[in-house]
Amino acid sequence: MLQQGGRDAAVRKLTDIVDFTEITPDAAIAADRHGGRAKCLQRLVRIDLPVPRTVALSFEAVHRIALGQMPDAEALLAVFGAAPLVSVRPSSADPDWGGPASILNIGMNDARHAALCKTHGAAAANALYLRFIQAYAIHVARLDPDLFESEDYSAEAVAAALAAYAEETEEPFPQDPVRQLLEVLRSMARAWEGTTARLLRQAKGAPAEAGLGLVVQQMALGLGPEESGSGVIQFVDGVTGQRRITGRYLGQSQGRDAVSRQKQALFLTRDPRGPALEDRCPELFARLKRYGDTCRINLCEEMQIEFTIEAGRLWVLDAVRVQRSARSAVRIAVMLADEGIIAREEALARIEPRAVSELLHSQVDPTGRRQVIAQGIAASPGAAVGRLVFGSAAAQASAARGEPCILVRRETTPEDIRGMHVAAGVMTERGGMTSHAAVIARGLGVPCVVGVSDMRLNRRDGVLITADGRKLHEGDIVTLDGTNGQALLGEAKMLPPALDDAFHALMGWAEAACDIGIRANADTPADAETARRFGADGIGLCRTEHMFFEHDRLTVMHEMIFAAGPEDRGTVLERLLPMQRGDFIRLFEIMQGLPVCIRLFDPPLHEFLPQSREGIRELAEALGLPVSDVTRRIQALSEFNPMLGMRGVRLGIAVPEIYDMQARAIFEATIEASRKGWPIVPEIMIPLVSAMREVELVKTRIDSLAAAVRTERGADFAYRLGVMVETPRAALRAGDIAQHAAFLSFGTNDLTQMTYGLSRDDAGRFMGSYVKQGVFAEDPFHVLDTEGVGELLSIGADRGRLARPEIVLSICGEHGGNADSIAFCREAGFDYVSCSPFRVPVARLAAAQLALGAALRPKHGRY
């Protein structure tokens, strides 16, 4: 019944002329015309796996069927011989796009049912017929599923189903196999082109006009007097990627009258819980293992095999790429490369860069139960379990007790830094991908979900109210999934980070292939150690202001802000000098001669001052001043738009004592750390520059300080002074600025903000709607706008190089870890990108794929 060869010559001619093609080793089957399933089946045939006879219908043929132009179904069925039973399955270009439900046992009718009762027994025949009636009624005739639900496979149940069909449709169940097949094909074709199906596949990334192919395959029934059954088997674990045989097998009870409800759920391999196919049919099990090896070697991929055993004969119905987690994908790719099945370059090309970030953090186990209570923007990957806290003080108290916590805020501010440092995860009601919470959390490697607009935080009552009205209190346990942007009730099942040998092997291959530098944004020694662990080429941005939020330093900052004049400020800053010097010495020691780019103080001073009445009173007590004096000083420093006010180089020029202290700390740390033999050449970066004169003023002062330190210490050292290009004017006047700068580092966060006139902290409120309506193709704070902001980058780079050919160019905003942004930087000739430490591996892999031309390579195996 299921012979692979011996086709009729007339049928052979027909199949190539009309709307279908029999799948043979040399047939003209293509994934972009017939779909991935059809092409995979052809490859299975080519490697001599026992595939039942199969016919493929092209995208064009299926589209014509949807329009009412039906194929010659009689000729199609003739391919399978007399009285065949067939199945119809979808075959889209990408298996992830889905498709209509498969229909099995087409060709079953009263006559075939009677024949099967004689050969296979009444119970088995009833089961086959009833399943087909149910599938046809629900998916083809579109009848109410409740009318056909039954696990009774008696003759009476078959008769009842036929009667229900006749009553609902006012005609008897179709008996002609040709008509059955035509109706199935029409139903599946129209379902694919329906509005609902179109929207669903577009949500999965399919083009609006994606085509559907169909495959018609002869049924292997999995019934018979000898060993019979059906199952699926795979040879790696989809979560871990380790070699392990898993799957399922439903084996028929012995005997002619075996029926579905008597099937035994058998284990594939030896298991104390029940019988195993490995023991029951060792020869068939060994053959399945050989088929797995054959697929891996010839298709260059780990496949899940769908099989049927019919009276002791093994058939392979289909094979699909094993579904896998990010950690499993990495291990599988590395294993295939180590075994010589694929090249290392192809292994690199198979891994999505963003998937690598999942390996660096704990993750929610995809096999576990999830009770989602809030949904927002996935701002920093990873997952954590902890008790809810609604303020930084509570987070620090929780950490002191050794209890992990999830910090929840409406939106975070610099005052929350200490709480974020100790929290296991951060969730905010407001914000987008480049909000304060998102940027800091990514730098810390802490899971973060922002823009959870369907929750409401009531701090006064200590309650978090979710979209469904559930009230959560401080101390309640939740799981924060920063990878998927969700908060889950209770403690979810977790997976640990996967920084194993497979990950390190992949990263080593990526580093060898990379042709652009990958640095890290690192503000603390802990950040620097993380950057080193992930193989960063240096520090591309050290935001020194983050060093000032520690409690002892914050007190000194307050005293500096309230100092009466330059001399008093200088005196106070002398107390910060050894702290800063110690910070820089530690950074230099960790990086061991790799470049370290230190940005001078950037934020407005108001960020260091409390805003609440309680905070102002505490500050007044600490400084020994009246509350009124403190309030007046805070009001004097307040600005209508502080992010465009007295900050960056403007503050450095107006209050030069701050930059003096930092420059001295850098130079003294350079001398100290250099004694260990590392070639340390610090890079000092001036932030928020708009004019050449600003650079001249700061440079003159820093050069003078360098000369003084050399004289005082009797030691020589080198340093490089550069500019952070964050304003459109700086990009346009880069030629002037480059005359006094050894490097230009484009801060794309602020440059995007200023170019668009958008607040990166507030854009999250409407950005989703803008992207959905096509105003912007992507959130420009998430994916670099290569047209607008990119043009400013190109202008700045070209003019900077024209004025100073040897100038070093880079970007150090959040875009530095994005594959599209890296592609732009490579094409523009930038020297390096810098990103959060935990995004270094992501950026490294993306850059390696670009260098290898990975866009032209297959993302998965050759099946």
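Trainee: Why is Asp 523 called buried?

Mentor: Buried means under 20% relative accessible area, exposed over 50%, and partly exposed in between (1.4 Å probe, protein chains only). Asp 523 has 4% relative accessibility, so Asp 523 counts as buried. Keep in mind that this is a predicted model, where local features need pLDDT of at least 70, side-chain atom pairs count only at pLDDT 80 or more, and totals for chains, interfaces and linings use all residues. Residues are numbered from 1 along each chain as its sequence is written, and side-chain values use heavy atoms, with hydrogens and water left out.

Trainee: What makes Asp 523 and Arg 543 a salt bridge?

Mentor: The term asks for a side-chain nitrogen of Lys or Arg within 4 Å of a carboxyl oxygen of Asp or Glu. Here the N to O distance is 3.1 Å, and the side chains of Asp 523 and Arg 543 meet in a salt bridge. Arg 543 has a relative accessible area of 11%, so Arg 543 is buried too.

Trainee: Where in the chain do the two partners sit?

Mentor: Asp 523 is in the loop between strand E24 (517–521) and helix H20 (525–533), while Arg 543 is in strand E25 (residues 539–543), 20 residues apart. Helices (H or I, at least four residues) and strands (E, at least two) are DSSP runs, numbered from the N terminus.

Trainee: And why are Glu 429 and Arg 410 put in separate accessibility classes?

Mentor: Glu 429 is at 16% relative accessibility, so Glu 429 counts as buried. Arg 410 is at 37%, and therefore counts as partly exposed. Their side chains also meet in a salt bridge, at 3.8 Å, N to O.

Trainee: How do you know that there is a cavity lined by Asp 523 and Arg 543?

Mentor: On a 1 Å grid over the protein atoms alone, a cavity is a set of points where a 1.4 Å probe fits but cannot get out, and lining residues have an atom within 4 Å of a point. Asp 523 and Arg 543 are among the residues that line the largest cavity, whose volume is about 110 Å³. That volume is the space filled by probe spheres set on the points, with grid points joined across faces, edges and corners.

Trainee: Which helix gives the largest share of that lining?

Mentor: Helix H18 does, with four residues of the lining of the largest cavity.

Definitions and conventions
On a 1 Å grid over the protein atoms alone, a cavity is a set of points where a 1.4 Å probe fits but cannot get out, and a pocket is an open set with protein on both sides within 12 Å along at least five of seven lines; lining residues have an atom within 4 Å of a point.
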